[in-house]
Amino acid sequence: MSATTKGSGGLPPRAPRKLAPDLARGAMLLLIAMAYAGVYAGVGFGTDVSGEAFWDRATSLFTTLFLDNRAFPMFAILFGYGMAWMVSRQRAGGTSEQEVRRLLRRRGGFLLLFGFVHAFFVFPGEILTSYGLAALVTGWLLLRSNQAIARAAVVFAVFYAITVPLSMVGMAMSGTAEGTEDNWVLPGYLTAEDWIGRLVGLPISPLFIAFAYPLLLLVVIGYRAGRAGLLDDPAAHRGFLTGIAVVGISVSVLSTLPIALAVQGVLSPGAVTEGLYMALQVLSGVLGGAGYAALFALWGTRLEQTRGPLTRAVAAMGQRSLTFYILNSVLVAVVLHPDLVGLGTVTGGAGALLVAALAWSVSLALAAWLAVRDRPGPLDQLMRRCVYGGRKARRAAAEAERRGAEKP
């Protein structure tokens with residue numbers, strides 16, 4: 001996975017892989033699967049579990065503190081990091097600004113398309129559509145200076161400091177916090193109304209996430225981190241990454257305590273206060289996601305020279321993150337959705353997390369198998385073909401990426 005692999009069909013070659021980003025993506029796919037599984041079991045973010053069994057309450061405490069709105073931010077930062085890396089390679093290889101813009105638009109557009117298909121058939125609350133929207137709205141920043149990216153981050157931070165509390169208070173007051181809005185999140189498969197609901201919800205979900213969760217800020221943070229190469233050479237940034245990991249994760253956990261205690265029944269806030277607790281949890285997820293990314297980068301430096309089978313498998317999954325994001329989601333849905341196998345109605349939160357872990361383990365074995373045979377993930381390969389367009393465009397992009405990879 002560390003060697004440059006020749007492209008196929010005129011595609012850019014698969015470039016030398018850095019362990020830290022791939023390891024982080026692979027591990028985060030487990031946490032994302034767990035977050036999705038909780039929704040199928042009716043214990044999504046903000047759900048009152050004070051009357052549930054001990055293990056389900058313990059699971060809720062764990063997910064609220066460490067998982068909800070933490071896996072998504074880290075993945076968004078890594079998405080932005082990957083976008084910055086792609087643009088850097090293309091520009092280093094001599095690709096024109098106009099062509100880079102085309103590639104960014106195609107990547108955002110096809111992420112929207114892939115996400116719409118996933119949302120329609122599997123999970124309406126999925127995140128690919130949100131990433132596609134973020135790429136289309138903010139991708140132009142990758143052709144601007146570091147100062148422009150920093151200014152955009154400040155603007156988005158102010159924007160979300162307003163919109164996130166308003167959104168969370170509104171959700172709390174209307175009684176539609178995630179986990180109690182199953183009719184919106186989890187339409188069925190058996191009636192025409194189910195499919196109409198899925199279709200109508202397609203454009204709503206990415207817009208809602210972009211407004212109510214700090215998506216655009218997270219992606220822009222990823223752009224800046226990618227420009228700085230923080231995950232390419234974690235050893236050179238060890239002190240900075242250690243500070244981000246310690247401060248980010250610590251503040252994230254402490255900021256989550258109010259809503260964690262509220263859903264456990266220890267605190268009994270009113271709707272407005274509960275919404276503000278939820279907003280604090282969501283906003284602090286920016287620090288938590290950055291802290292997790294830094295932590296995995298530091299972990300990667302320890303494993304770089306002594307990669308065991310598990311490390312290689314997790315990194316292989318991260319390298320093929322699109323394929324295994326979809327596969328994990330499908331496996332979780334098949335097992336837990338009430339119109340399919342239906343275990344989500346009987347497992348509770350703890351059982352749902354176990355199902356997610358088992359689904360991720362199946363994917364992990366398949367990722368290891370693909371890595372041994374040096375094969376890309378099928379959906380990742382399809383995305384590359386879509387982004388780089390026709391054969392002539394793919395050849396030009398491949399040559400630019402080859403030249404970019406050869407430069408120091």
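Visitor: Which residues does Tyr131 touch, not counting residues up to four places away in sequence?
Guide: This is a predicted model, in which local features need pLDDT of at least 70 and side-chain atom pairs count only at pLDDT 80 or more, while totals for chains, interfaces and linings use all residues. Residues are numbered from 1 along each chain as its sequence is written, and side-chain values use heavy atoms, with hydrogens and water left out. With contact taken as heavy atoms within 4.5 Å, and leaving aside residues up to four places away in sequence, Tyr131 touches Phe72, Phe75, Ala76, Phe79, Leu111 and Leu215.

Visitor: How many helices and how many strands does the protein chain have, and what share of its residues is buried?
Guide: Helices (H or I, at least four residues) and strands (E, at least two) are DSSP runs, numbered from the N terminus. On that basis the protein chain comes to 17 helices and zero strands. Of its 408 residues, the share that counts as buried is 54%.

Visitor: At roughly what angle do α1 and α3 cross?
Guide: Axes are lines fitted to C-alpha atoms, for helices over the stretch in contact, and angles run from 0 to 180 degrees between N-to-C directions. The axes of α1 and of α3, residues 71-92, come within 9 Å, and they cross at roughly 145 degrees.

Visitor: Which residues of α12 meet α6?
Guide: The axes of α6 (residues 146-174) and α12 (residues 271-303) come within 7 Å and cross at roughly 135 degrees. On the α6 side, the residues taking part are Tyr160, Val164, Pro165, Met168, Val169, Ala172 and Met173. Their partners in α12 are Ala271, Val272, Glu274, Gly275, Leu276, Met278, Ala279, Val282 and Leu283.

Visitor: Which helices do the buried residues of α5 pack against?
Guide: Nine of the eleven residues of α5, residues 128-138, are buried, so this helix is largely enclosed by the rest of the structure. Tyr131 is one of these buried residues, and Leu128, Gly132 and Thr138 are also among them. The helices they pack against are α3, α4, α6, α9, α10 and α14.

Visitor: Which helices do the buried residues of α13 pack against?
Guide: In α13, residues 309-319, eight of the eleven residues are buried, so it too is largely enclosed by the rest of the structure. The buried residues include Thr311, Val314, Met317 and Gln319. Those of α13 that are buried pack against α1, α12, α14, α15 and α16.

Visitor: How far apart in space are Val387 and Gly109, C-alpha to C-alpha?
Guide: Val387 lies in helix α16, residues 378-388, and counts as buried because its relative accessibility is 1%. Leaving aside residues up to four places away in sequence, Val387 touches Arg102, Leu103, Arg106, Arg107 and Phe110. Although Val387 and Gly109 are 278 residues apart in sequence, their C-alpha to C-alpha separation in space is 8.8 Å.

Note on methods: Buried means under 20% relative accessible area, exposed over 50%, partly exposed in between (1.4 Å probe, protein chains only).
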